[in-house]
Structures are given as structure tokens and as C-alpha cells.
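These are my notebook entries on a single protein model.

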Amino acid sequence: MPRALAVTCKVICLLLIGVVGSLLSEKNDLQFLVLTFSVQFKSVTLGLLPLQAEPIRVVVTGAAGQIAYSLLFSIAKGDVFGKDQPIILILLDIPPMLPVLDGVVMELQDCALPLLREVIPTDKVEVGFKDIDAAILVGSMPRKEGMERKDLLKANVAIFKTQGQALDKYAKKTVKVLVVGNPANTNCLIASKSAPSIPKENFSCLTRLDHNRACSQVAMRCGVSSDKVKNVIIWGNHSSTQYPDVHHAKVNLSGSEVSAYDAVKNDAWLRGDFISTVQLRGAAVIKARKLSSAMSAAKAICDHMRDIWFGTKEGEFISMGVYAAGNSYGIPEDLIYSFPIQIKNKTWKVVDGLPINDFSRAKMDATAAELVEERDTAMDFLSQ
């Protein structure tokens with residue numbers, strides 16, 4: 001091959017690598033490209049060969065617990081971060097649980113999942129939070145018999161202060177943090193305040209389980225599948241004061257979208273038993289199976305993180321506990337409060353401008369008042 005033609009071909013390839021790579025990286029379609037060329041009869045043939053993305057690092061705390069046991073397979077299988085996204089899983093728990101973690105690691109290995117590149121069990125936050133892309137904070141101090149609420153808050157403030165400080169010191173500043181451990185809203189606030197170098201918008205708490213419960217209750221009442229119900233809202237705290245609101249929800253009946261109130265045709269149920277059923281569902285599960293929700297909690301975690309990674313559907317919103325600053329609903333700003341949320345490009349925004357009637361206003365304010373009380377108590381412990 002003439003030297004001049006070879007040089008020209010190399011220049012063309014370098015230019016194409018820059019142009020095509022730039023275009024594709026903007027769409028996050030491919031992170032790496034290989035261009036090959038051959039020269040025959042003075043013609044140039046170019047081929048694009050996609051290479052798999054770099055692994056992302058995901059930490060799950062309380063990783064020896066029952067929620068994590070239902071969660072880890074879905075993450076490692078690709079159901080959360082994408083079917084072509086390799087994963088490094090870091091399993092963080094307290095020292096007495098390390099032998100259990102060894103068993104979890106063996107099971108994950110035995111699943112032979114192609115996306116799972118490495119599993120790291122640890123009891124050290126400097127290992128658990130090092131360079132992570134996503135943190136799912138499941139572990140927390142559960143309420144024990146005879147324990148007062150303030151004692152529960154005090155114990156969890158210590159846990160989430162430590163984890164927030166570790167996030168601040170070791171994690172990527174782009175890390176997305178989901179707090180699951182209860183009291184989730186206030187634990188999330190403490191973690192965020194303890195990680196000042198990470199944007200508050202990167203922290204959220206789980207109210208998707210409540211959201212899914214509300215969708216399911218409406219769907220069962222209407223005799224449709226749960227995917228036919230959209231835009232229910234969980235306002236406020238992940239507690240028995242939460243407000244499941246269907247005033248803006250839609251139900252697809254035989255191909256036509258109608259309001260949830262028109263679909264259900266029972267206002268008394270929607271304003272009474274429906275709300276209390278969702279509010280008290282966790283307690284009902286514990287009473288029935290003698291253990292707290294695990295399978296449904298894991299599914300909700302997957303839904304939450306998948307929506308953060310890939311966005312919500314056009315025209316739909318979901319429920320997440322997020323930092324309340326700048327909200328248009330009159331909610332005190334220094335809280336983690338559950339709002340209707342839309343997500344695009346890994347950035348969430350509160351759905352503004354929804355009309356709020358007096359019934360809803362009272363319930364939204366009641367759950368906010370509980371969160372203010374929790375926050376003030378927790379902040380007293382944080383300052384000690």
C-alpha cells in the first residue's frame with residue numbers, strides 16, 4: 001500500500017473516532033469504540049465494534065438482611081441499571097453479619113450472572129463507599145420492644161451520620177443515594193447533612209413501596225392490572241401519616257383513561273379504607289408473616305433506582321422522598337418529603353401546579369408536621 005494512502009487512512013480513522021465517539025457518548029449508547037479499516041483497490045472500509053461499558057460500583061448496606069436478599073439478584077441480573085451494564089456489588093453490614101455475607105457472596109457467584117464482575121463483602125465504610133456510583137442504604141436500627149421513638153431516632157442518627165460522612169469522604173460526588181432504612185425520610189436528611197460535598201438532589205428516600213401499594217389497591221378495585229394505573233401520589237413521610245392521593249391519578253379502562261375517582265366510583269372508600277390500607281400495609285404484613293416486607297420492598301427499590309437511571313415515562317410521575325427546597329406546595333423546605341416526581345437524565349423535578357383541595361391540604365400538612373418534629377429531634381442528636 002502506498003505510504004501516502006496509509007497515512008490518509010489513519011487520519012480518516014482518527015477523525016471518525018472523534019466524531020462518532022462524541023455523538024454516541026452524548027447518547028450514552030457506547031462508551032468505547034474500535035474502528036478497523038482495510039485498504040483494497042484504494043477504497044476504505046470502516047467497521048464499528050461496540051465494547052461493553054465499564055462496571056459501575058453499587059453498595060447495599062444491611063446486605064445480610066432479608067430485603068437485600070430479595071434485592072441483590074435483581075441488581076446483579078441487570079434489572080435495575082441496564083441489561084448491558086456490568087456491576088461491582090459491595091455488600092456492607094456490621095461485623096457479626098460477615099459470615100452470613102460470605103454465604104450471600106457464594107449464592108451470587110453460583111447464579112453465574114454475566115454482568116456481575118465482582119462481589120465485595122465488608123464491614124468497613126471506607127471499603128463500602130469507595131468510588132461508588134450508587135448507594136442503597138437498607139440497613140438501620142429497627143424499633144425494638146419498649147424502645148421509645150426518640151431512642152430509635154438517636155440510634156439511627158448515629159448510623160446515618162457515619163454513613164453520610166463516609167459518602168462525603170469516599171464516594172463519587174455524582175453518587176445517587178437511596179435511603180430505605182426507617183425512619184427513611186429523616187435518616188435521608190441526616191445522611192445528606194453529613195455529606196455536604198454531595199448535592200442534596202442526589203439523596204432520596206423510598207416511598208415507592210407505598211406508591212406501588214396504592215396503585216395495586218386501585219387496580220384491584222377496578223379489576224385491571226396495576227400497569228393500567230398511573231400518577232398516584234404519596235405525600236410526606238414514609239409512616240402511618242403518609243397521604244396516598246389519587247385525585248390526579250388515571251386508570252386505563254378498556255383503552256380509555258379516566259380519573260381514579262370515576263373509575264372506582266366509591267368516594268367514601270378512596271377517602272377512607274383505601275388511605276388507611278396503604279398507610280398501615282407494612283404493619284399488616286408484619287402481623288401476617290411475622291416479618292417485615294421484603295419482596296415488595298426490594299421490587300420498589302428496583303423501580304426507584306431504575307427510574308433514576310433511565311427516567312420516568314412521558315406524562316407520568318412517581319413518588320419519591322426528596323429535598324423539599326423550592327417546592328410550590330407550601331411544605332417546609334428543610335425536610336425530605338415525598339412528592340410527585342418526574343425524572344430525566346438522572347435529574348428529578350417535583351411536578352408543580354397540581355390543584356390541592358382542602359381534604360388533601362390537611363393530610364399533607366399533618367404528615368409534614370410529623371417530619372418537622374422528627375427533624376428537630378434528630379438535629380438535636382446530630383449536634384451532640
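The entries below follow that order.

**Entry 1. Basis of the model**

I worked from a predicted model, in which local features need pLDDT of at least 70, side-chain atom pairs count only at pLDDT 80 or more, and totals for chains, interfaces and linings use all residues. Residues are numbered from 1 along each chain as its sequence is written, and side-chain values use heavy atoms, with hydrogens and water left out.

**Entry 2. Overall make-up**

I looked up the secondary structure and found 13 helices and 16 strands in the protein. Helices (H or I, at least four residues) and strands (E, at least two) are DSSP runs, numbered from the N terminus.

I then looked up burial: 47% of the 384 residues are buried. Buried means under 20% relative accessible area, exposed means over 50%, and partly exposed lies in between (1.4 Å probe, protein chains only).

For contacts with a separation of 6 or more, I noted that residues 24 or more positions apart account for 70%. Contact here means heavy atoms within 4.5 Å.

Two packed helices are described by the angle between their axes and the distance between the axes. I took the axes as lines fitted to C-alpha atoms, for helices over the stretch in contact, with angles running from 0 to 180 degrees between N-to-C directions.

At what angle do the axes of helix 5 and helix 6 cross? The axes of helix 5 (residues 149-170) and helix 6 (residues 184-193) cross at roughly 40° and come within 8 Å. The two helices are therefore oblique to each other; angles under 35 degrees count as roughly parallel, over 145 as roughly antiparallel, 65 to 115 as roughly perpendicular, and the rest as oblique.

I recorded the crossing of helix 5 with helix 6 as right-handed. A crossing is right-handed if the near helix is turned clockwise from the far one by less than a right angle, and left-handed if anticlockwise.

From helix 5, the contact involves Leu-153, Asn-156, Val-157, Phe-160, Lys-161 and Gly-164, which meet Thr-186, Asn-187, Ile-190 and Ala-191 of helix 6. I sorted this contact of helix 5 with helix 6 by class into 5 nonpolar, 4 polar and 1 charged residues. Ala, Val, Leu, Ile, Met, Phe, Trp, Tyr, Cys and Pro count as nonpolar, Asp, Glu, Lys and Arg as charged, and the others, Gly among them, as polar.

**Entry 3. Helix 2 and helix 3**

I next looked up helix 2 (residues 66-77), whose axis comes within 11 Å of that of helix 3 and crosses at roughly 35°. This crossing of helix 2 and helix 3 is right-handed. Tyr-69, Leu-72, Phe-73 and Ala-76 of helix 2 meet Val-104, Glu-107 and Leu-108 of helix 3. By class, the contact of helix 2 with helix 3 holds 6 nonpolar residues, no polar ones and 1 charged.

**Entry 4. Salt bridges**

Side chains of opposite charge can pair when their charged atoms come close. My search of the whole structure gave 12 salt bridges, each being a side-chain nitrogen of Lys or Arg within 4 Å of a carboxyl oxygen of Asp or Glu.

One of them pairs Asp-79 with Lys-77 at 3.3 Å, N to O. Asp-79 is partly exposed at 23% relative accessibility, and Lys-77 is partly exposed at 35%. I also found Lys-77, Asp-79 and Lys-83 linked in a network of salt bridges.

Asp-303 and Lys-299 form a salt bridge at 2.7 Å, N to O. They are 4 residues apart in helix 12 (residues 295-310), so about one helical turn separates them. Is Asp-303 buried or exposed? Asp-303 is buried at 6% relative accessible area, whereas Lys-299 is partly exposed at 46%.

Asp-365 bridges to Arg-361, with the closest N and O atoms 3.1 Å apart. This pair is also 4 residues apart, in helix 13 (residues 358-382), and therefore about one helical turn apart. Asp-365 is partly exposed at 37%, and Arg-361 is partly exposed at 26%.

**Entry 5. Backbone exceptions**

I noted a cis peptide bond between Asn-182 and Pro-183, with omega about 0°. Pro-183 lies in the loop between strand 7 (176-179) and helix 6.

Ala-112, although not a glycine, has a positive phi near 50°. I placed Ala-112 in the loop between helix 3 (98-110) and strand 5 (116-122), where it is exposed at 61% relative accessible area.

Ser-254, also not a glycine, has a positive phi of about 55°. Ser-254 sits in the loop between strand 12 (250-253) and strand 13 (256-259), and it is exposed at 82%.
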